[in-house]
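Hello,

Below is the structure for you to take over. My notes on its disulfides follow.

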Amino acid sequence: NDTAENLGVSSPVEFKVDMIKPAASMSNLNFWTNAIYVNTQWSGSDAGDSLLTEYEVYYKVMNGGTVVKDWVKWPLPPLATNAVFGPASPETVQDGYTYYFRVRAKDGAGNVGDWSPETSTTIDITAPECQLNSPAPPTVISSGLSYTKDGVWFVNGRYNISWSGSDAVSGVASYDINIKPESGSNPWQGIQAASYCNTTGLPASTTSTACGIGGNDYIYNFSCRAIDNAGNVGQWAADNISVKVDTSPPLSFFSPLHEWMGRNWPEWLGSEYFNLSWKETYNDGGGSGVKCFYVKWSNSTTMADPDPAKRWVNITSSYSTTDPACLSPASSARYARFGDGNTVLEDGETYNFSIMSVDNIGNSEPFDSWVSSSDYSARVKNTTIDMYNPVLNSWITDSSGSIIQPGYLDPSNT
């Protein structure tokens, strides 16, 4: 009322109390990304109904365990709910750096919400690398052997192709292994498609695959690449391995005996020794090259031995340090002297000789197949020793056919 005691009319006043903090959250980011920017999103709500008036988004930058920037406010429109971080604003995004984000909301009543849980992503824009294990040979399994020649690995059995990879940031997630047979115009194909290689998947934990022998005399080229956890795909390895399957045994034949004298294999030989030669008279087979030759001999004495393993005797050489019977394939050493002290030749005895070559991958023709093969005459040679001087007996007969005894001849006897 006023001083004149006039009573005024009352009017109600209504207001609402809002003491509830608004909530906000960041959308989850991938742990790794191969982009040079980060797409971020967030959202919020206010249970007190005073409406949201602002989002505050902060970011932190880490390089490994080192804090580069510690929770800096990102200048954004107050009610924006998404933004692109990078590539140059508000920070220049760096490879290998980790970026953390958090958000909180404010409402019209002045309430400030709590910080949301952090979400982060690490930038990885560097492609991973893959290396086939070279120049080490493929690890051969199942009794096979391996040998390298002119950059090609020769195998004659099942073998393993192995590899390794590296990635500086997110780590290797998987591998692609490609194989290409050089026969015909076959294209590169994933190793899973090759029926002679056993694998159904190549995660980071798989670093080898077992392969069969495939087609004989084929060359198979292998290459690999790595994919990292950020999705970067590496280049195909330049140091691809070439593997050639060699299951063909080499074949060897004797040259003519004493070929420098122009003599073929004689039925009889009057000498205390002679040289066996096999210069250039061999076939390399599958291409791995001849490792050595085994030259054997036998005669009637050795063939009578009850032990079959002793019936044919190896000719040995002191030049070999591992197997004296494995004679060098060097062009200057493709001969062996027989007799002359190492074996005393018996007069009248027939000596048989056989030859077998072994290649660098371990292929050889079994000896038993020689003595029953159609080319026995080319693989097995023989000659009989005859060192007795011949004796010439002569006599004279008279006209009646009687032998004239030694002495003086009677001129009157016609």
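The torsion about the S-S bond of Cys-292 and Cys-326 is about -100 degrees, so this disulfide is left-handed. Cys-292 sits in strand β24 (residues 290-298), while Cys-326 falls in the loop between β25 (313-314) and β26 (335-339), so the bond ties together parts that are 34 residues apart in sequence. Please keep in mind that the model is predicted. In it, the sulfur atoms of Cys-292 and Cys-326 are 1.7 Å apart, which is within the 2.5 Å cut-off for a disulfide.

On accessibility, buried means under 20% relative accessible area. Cys-292 has 1% relative accessibility and therefore counts as buried. Cys-326, with a relative accessible area of 13%, is buried too.

How many disulfides does the structure hold? There are two. Besides the pair above, Cys-130 is joined to Cys-224, with an S to S distance of 2.1 Å.

Is the disulfide of Cys-130 and Cys-224 left-handed or right-handed? The torsion about its S-S bond is about -115 degrees, so the disulfide is left-handed.

Regards

Technical notes: Residues are numbered from 1 along each chain as its sequence is written. This is a predicted model: local features need pLDDT of at least 70, side-chain atom pairs count only at pLDDT 80 or more; totals for chains, interfaces and linings use all residues. Side-chain values use heavy atoms; hydrogens and water are left out. Helices (H or I, at least four residues) and strands (E, at least two) are DSSP runs, numbered from the N terminus. Buried means under 20% relative accessible area, exposed over 50%, partly exposed in between (1.4 Å probe, protein chains only).
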